[in-house]
Amino acid sequence: MKKLILSSILVAAFGLVSCQTPVTPTKEESTTSNKKPMDTSYKKTDEEWKKILTPDQYYVLRQKGTESPGTGEYLEHKEKGFYTCGGCGTELFSNEEKFDSHCGWPSFDGEVGGGDRVLKIKDFSHGMIRTEIVCAKCGGHLGHLFDDGPTSSGLRYCVNSLSLGFKPADKK
Ligand SMILES: [Zn+2]
């Protein structure tokens, strides 16, 4: 009898634990929700940004512009290191995630960290439904995220070179 009570307690306890286990969000949900509160500490006025950024960088990062395809500094770039946000310097992508997508902009199949450095925002501009990608820290526009990537992640982060900086791996 004791054994039966014990096992039913165990079953109850296990049931409780499994009920508390958070449901893993689907791919679609995880692009719109953020587990951690985002770090938006890097704030500047438009006037301050204009002083820090070149006019081209300002147009892309702060006014959501797009550089002409095939022209970006990092399109054919293959050095080892981290691609940083051109606005605040946060490491966003690494050379290991970079792949040649032939789309005219630097492309990555993933991002540095747990997915909280790049915000994903639904973008309905230009008569299309796309996912805009933005630096979580400073709000700088990076480019767009597509789900037609050729690697196992299925993702293609299409990023303007003007939105990026680069930190070589061997530079301390
Ligand atoms: Zn940034």
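Phenylalanine 82 has serine 94 as its bridge partner in β2. The model is predicted: local features need pLDDT of at least 70, side-chain atom pairs count only at pLDDT 80 or more, and totals for chains, interfaces and linings use all residues. Residues are numbered from 1 along each chain as its sequence is written. Strands (E, at least two residues) are DSSP runs, numbered from the N terminus, and two strands pair if DSSP finds at least two bridges between them.

- β1 (residues 81–85) is joined to β9 (residues 164–168) by five bridges, and the two run antiparallel.
- Within β9, lysine 167 is the bridge partner of phenylalanine 82.
- β1 and β2 (residues 91–94) also run antiparallel, with three bridges between them.
- The hairpin of β1 and β2 has five residues between the strands, and glycine 89 there takes a positive phi near 85 degrees.

- β3 and β4 (residues 107–108) run antiparallel and are joined by two bridges; phenylalanine 99 stands opposite serine 107 of β4.
- β6 (residues 130–135) pairs with β7 in the antiparallel sense over four bridges, and valine 134 stands opposite histidine 141 in β7.
- Five residues lie between the strands in the hairpin of β6 and β7, where glycine 139 takes a positive phi near 80 degrees.
- β7 also pairs with β8 (residues 156–159), in the antiparallel sense and over four bridges; glycine 143 stands opposite valine 159 in β8.

- Strand β7 (residues 141–146) is largely enclosed by the rest of the structure, because five of its six residues are buried (20 or more other C-beta atoms within 10 Å of the residue's own, with C-beta atoms placed from the backbone).
- Neighbours within four places in sequence aside, tyrosine 157 is in contact with Phe93, Ser107, Phe108, Glu111, Ile133, Gly143 and Leu145 (contact: C-beta atoms, placed from the backbone, within 7 Å).

Technical notes:
Buried ≥ 20, exposed ≤ 12 C-beta atoms within 10 Å, placed from the backbone. Contact = placed C-beta atoms within 7 Å.
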